[in-house]
Amino acid sequence: MGYVGLKKAEITGKVKESVGQNGSKPELFRDIVRAAILLLEHLIAKVMQKVMDMAEKVISKADDAVKETSKDMETASGYIENTKRR
């Protein structure tokens, strides 16, 4: 659900429903907005965790690639040294 859908579902729709059922009560509006803020904070935390997990995987793969390249360079360097001695 995108931002607009979330806003409609968690704020606009609930405010309209509350006003229709209870009349204009600012304290209810405040509670609805607080609930929406908590939901957004939770969603942001989930997204940030996924980003961190993905970044960790990318860093791990890059580290593996660097190690593999280092091994390849050592092998090539040894090969060159052996051919010079002949």
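**A guided tour of the predicted model**

Begin by selecting Asp63 and Lys67: both belong to helix H2 (residues 26-85), where four residues, about one turn of the helix, separate them. The model is a predicted one.

Display the side chains of this pair. Asp63 and Lys67 form a salt bridge, with their closest N and O atoms 3.3 Å apart. Side chains of opposite charge can pair when their charged atoms come close. Asp63 is partly exposed, with a relative accessible area of 37%, and Lys67 is partly exposed as well, at 47%.

Next, select Arg30 and Asp31. These two residues form a salt bridge in which the closest N and O atoms are 3.7 Å apart. Arg30 counts as partly exposed at 41% relative accessibility; Asp31 is likewise partly exposed, at 37%. The structure holds two salt bridges, and both have now been visited.

Now show every charged side chain. The protein carries 16 positive and 13 negative side chains, and the centres of the two sets lie 5 Å apart.

Zoom out to the whole chain in cartoon view. The protein has two helices and zero strands. Its radius of gyration is 29 Å, well over the 12 Å that the globule rule gives for 86 residues, so the protein is more spread out than a compact globule. Along the principal axes, the C-alpha atoms fill a box of roughly 95 × 20 × 10 Å.

What share of the 86 residues is buried? Buried residues make up 6% of them.

Technical notes. Residues numbered from 1 in each chain as written. Predicted model: local features only at pLDDT ≥ 70, side-chain atom pairs only at ≥ 80, totals over all residues. Heavy atoms only, no water. Rg over C-alpha atoms; globule rule 2.2 N^0.38 Å. Buried < 20%, exposed > 50% of the residue type's maximum accessible area, 1.4 Å probe, protein only. Lys, Arg positive; Asp, Glu negative; His and termini not counted. Charge placed at Lys NZ, Arg CZ, Asp CG, Glu CD. Salt bridge = Lys/Arg side-chain N within 4 Å of Asp/Glu carboxyl O.
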